[in-house]
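Me: Please take a close look at the pockets in this model. I want to know which residues and elements line them.

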Amino acid sequence: MILAALALSACTATPPVAVAPPPVAVPTIPPGMQYLYGSGEAAAESVQMWQGLVSYAETQVRARPSASVILDEGATLASPRFVSCGAKPFAAVFDVDETVLLNLGFEYDDATHPGRRYDEKRWQEWERTGGGKVDATPGATKALNALRQLGITVIFNTNRSVETADSTAKTLTDAGLGPAVHKQTLWLKGDDNTGGLKDVRRWWIADKYCVIAMGGDQLGDFSDLFNAGLAPAARRTAVMSAPIAAKFGAGWFVLPNPVYGTALKGGIDQVFPADKRWTPPVSGEK
């Protein structure tokens, strides 16, 4: 009887309740990343920029300009002076990151580790190993091929490290944007002694070529003068001033980058002028 009761008890015991695993937290993607890497609007801006750049370059090849679009040594934003072209062959100069390449793999890693600070060693590891996790910016491949068919040499001037020159050249080629040959059509941070400044490299390029177009996602991709201690409001004013404003869309071409860089600065007083602030009226007021 005892054995039978034990057997019956075993048969009627309540089975254990399966415990569901805790839900996996889905990272919240920063709005800037949503825009730049995921939106149709950003893709449209990119395609628009590249198409406009190629159209402009075509007119310059026919017109044979007397001056490059690279500011000469000693020039200022208030009094711009550009390197002479002479009979030099044509070239177009581009930044790399978020200009011809979208660093999807690196920014995915950032998005899934919110709050983590930028680390140069991690970035250089990305330069070495992330080549298969990038995309060309929309319209870039077609545009660079069109420039080369016009006889324009495509040159990259980037703040990627000279220590990763080979992997950067391979990344560009594998993405369909190359060829890129170090110190010929690829210039890097460390090729001179000015760190992340780019003007010296631009002057070296302008010594050999008539540069008829430049493209970038930061103002420093056009001149280091924009980063010479100017506050956000002063940089904005410089861009809109008559001597410089005329270059945008006519030699200088800018891509959107709301994810990182020199554009992401400014407190409430620098972004919103005092005479442009609005608050809704108190209920009942007219």
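Reply: Start with the helices around the second largest pocket. α9 (232-240) and α11 (268-271) each supply at least two residues of its lining. α9 gives the most, with seven residues. This is a predicted model, so read every value as computed from predicted coordinates.

The second largest pocket holds about 690 Å³ of space. Its lining counts 22 residues, and the closest to the centre are L219, P232, R235, R236 and A263. By class, the lining has 13 nonpolar, five polar and four charged residues.

Now the largest pocket. Its volume is about 950 Å³. There are 35 lining residues, and Y118, W123, Q218, Y260 and G261 are the closest to the pocket centre. Three elements each supply at least two residues of this lining: α4 (104-111), α5 (120-129) and β6 (153-161). α4 gives the most to it, with four residues. By class, the lining of the largest pocket divides into ten nonpolar, eleven polar and 14 charged residues.

In the largest pocket, charged residues number 14 and nonpolar ones ten. In the second largest pocket, charged residues number four and nonpolar ones 13.

Methods:
Residues numbered from 1 in each chain as written. Predicted model: local features only at pLDDT ≥ 70, side-chain atom pairs only at ≥ 80, totals over all residues. Heavy atoms only, no water. 1 Å grid on protein atoms, 1.4 Å probe; cavity = no way out; pocket = protein on both sides within 12 Å on 5 of 7 lines; lining within 4 Å. Points joined across faces, edges and corners; volume = space filled by probe spheres on them. Nonpolar A, V, L, I, M, F, W, Y, C, P; charged D, E, K, R; others polar.
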